[in-house]
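Reader: I am new to this structure and would like a close look at a single part. Please take the salt bridges and go through them slowly.

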Amino acid sequence: MSEQIKFIVEQLNKDPFKKNFNLITFDSLEPMQLLQILNDVLAEIDPKQAIDIREEMPEQTAKRMFTLLGMLKYKPPGSSAEASSFRQGLVTGSKPVVHPVLHWLLMRIPELKKRAYLARFLMKLEVPAEFLQDEVIAETHHQYEELVDGFKGYHKECEQLKSSGFSTAEIRRDIGAMEEEKDQLIKRVERLKKRVESVSNHQHMLELARQLRVEKEREESLVHQKQEQKNQLFQAEQRLQRSQLQLKDLRQAAADAKPESLMKRLEEEIKFNSYMVTDKLPKELDSKKRTVQYLQKVVAEPAMGQAELGELEDKIREINMQINQLIEKRMMRNDPMDDKLSLFRQQASIIARRKEAKAEELQEAREELVGNERDLTQKNSQVRDLDGTEVIRGEEFKRFVGKLRSKGTVFKKKRQEMAELRAEYGILQRTEEILKQRLEAVQQQLQSMEAKKGISGYSDTQEELERVSAIKSELDEMKGRTLDDMSEMVKKLNSVIVEKKSALAPVIKELRPLRQQCQELTQEYEEKKAQYDSCAAGLESNRSKLEQEVRALREEMAQEESRYHYINCMRQIIEMQMERAAAEMKAYVSPDPQERRKAIREQYMKNIAEQESLGKKLREAQKTVRESHGPNMKQVKMWRDLEQLMECKRQCFMRAQSQASIGQVIQEGGEDRLVL
């Protein structure tokens, strides 16, 4: 408490209060003076509070201070049951009540100034619901709420600008620098004009330069438009590819599908979509709305300090403890009907959770499917841009895998044959090398023999003639073989064409009625589909209308039910107040003194008399303390002097004891002798 009073005195002695208090003078202030100091501190926070409380009724002063402290979110120490004692202490200027308030206010003056300023505009006026039925009042209230929201936005922007680090000095420097640059540019333009004026036909050249600039700007805009059109064309091609893929998938699905499976699939989709629309999405939407409302409420409230956060955490902890106690009481009750119902509730909650989990999994799977399809279309477009071919899928991919497997077996066989051929090729190559070596030896012998006989080169000429004749004979055989092959190929193709025509003739005859039947079935399918779509749209519109009506009726029922409960509670409260008033009148009018003492008025009068007597005793005690203050202070000074004197004697005695340990002092005939 002394540290608290010391802090209050230090803050009141500073600007802007300058009270020149010390601990004694501050502690000896009268209740009215203490309330005036509290009012001065409140006036520093909110200038509207600058009032002399001597010119105001005590009830008005107390009401005004209570309102401002509530707006500043001051929490009185103690429980809620002690709130009445806090109000009474604030009205009477009690020090145990006023000192904590002053300490709390002086610790947070800048923060509370901001809160008081915002409260002037953010404290919404509570308008009764029956008054809002009037259109003019409702419109005015709506405009008022819009202005409050606008003030919130402007205040946030102002705070952001204040915290952004921009200062007026920097902005002025930037403006001065830009003005200097502007002057330099003007001077530069004037110098260029003077240079250009000396050139002949300068007006024509300026006009051409202006046209050139315009054309360049136009060229840039056209390039930009061209790029945008390319992007649009690319997006349109992607949409077309996606549509073609969807059409292909739908055709493949419709080729093998039956009406029963299609209807079953559509029913499943309708059930899932109806569950999402009626159960899951409204719950998520309500939770999001509640979250947004909570966040808006948090944003609308002014900033909270560490002490307020601590108080909120304490409240949360207390409420959690109360909830745990209630749960324990409920578990200890062990009602068999509740146990049975709790079992069914648990089963229902488990099923609902499973249903929500499966719906979320299905939704995630659908989103993943859409993402995969998007990636697939992108990959297909990239592959098509690279080599211009389509990516196979479905049955084509299965056929491709089968062909690839058969080709793999053929490839393994061919690879084995190639290995055998390579081994044989190595043997033949070695044989060829041996034969070439022998041939070279024979040719060397032949050349030596031809040189001896004088006919060198005869064997080379003979070999060349044989080689040319062999080539000519091969060419003649190849020409004849090519003509024979071509004639045989033409005969085979003609025979194959005739066979294919004869084989396809009955199939074509069977295909014609099937095509006509397919067209009829397609037309019938389109008609049935149009009927189904129109019926489904009508049912959906009727269902949405009925849902809106049910929702409106439920809201109206909830409003009427809440209004009924409110009126019922107010009726009970008024009845209780009337009963208390009747009991008070009965006790006050009763001739029995015992009954009259039970009256609240008598109790209050008794309390007032006790407080007045207590105040009188305290004033008398204060008067006696003031009268005896001077003599008491003088007596305290005398006791302090006596204490110093006794301390001096003690030190002298201790010093004499220390000297006695060195030697002995003998006093004889008025003389002192030290004997060692």
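Author: Helices (H or I, at least four residues) and strands (E, at least two) are DSSP runs, numbered from the N terminus. This is a predicted model, in which local features need pLDDT of at least 70 and side-chain atom pairs count only at pLDDT 80 or more, while totals for chains, interfaces and linings use all residues. Residues are numbered from 1 along each chain as its sequence is written, and side-chain values use heavy atoms, with hydrogens and water left out.

Glu547 and Arg543 both belong to helix α15, four residues apart, which is about one turn of the helix. They form a salt bridge (a side-chain nitrogen of Lys or Arg within 4 Å of a carboxyl oxygen of Asp or Glu), with the closest N and O atoms 2.5 Å apart. Salt bridges that share partners join Glu540, Arg543 and Glu547 into one network. The other link in this part is between the side chains of Arg543 and Glu540, at 2.4 Å from N to O. Arg543 and Glu540 are three residues apart in helix α15 (residues 458-589), again about one helical turn.

As for accessibility, buried means under 20% relative accessible area, exposed over 50%, and partly exposed in between (1.4 Å probe, protein chains only). Glu547 is partly exposed because its relative accessibility is 26%. Arg543, at 27%, is partly exposed, and Glu540, at 41%, is partly exposed.

The structure holds 12 salt bridges. Among them is one between the side chains of Arg430 and Glu433, at 3.4 Å from N to O. Arg430 and Glu433 lie in helix α14 (residues 395-453), three residues apart.
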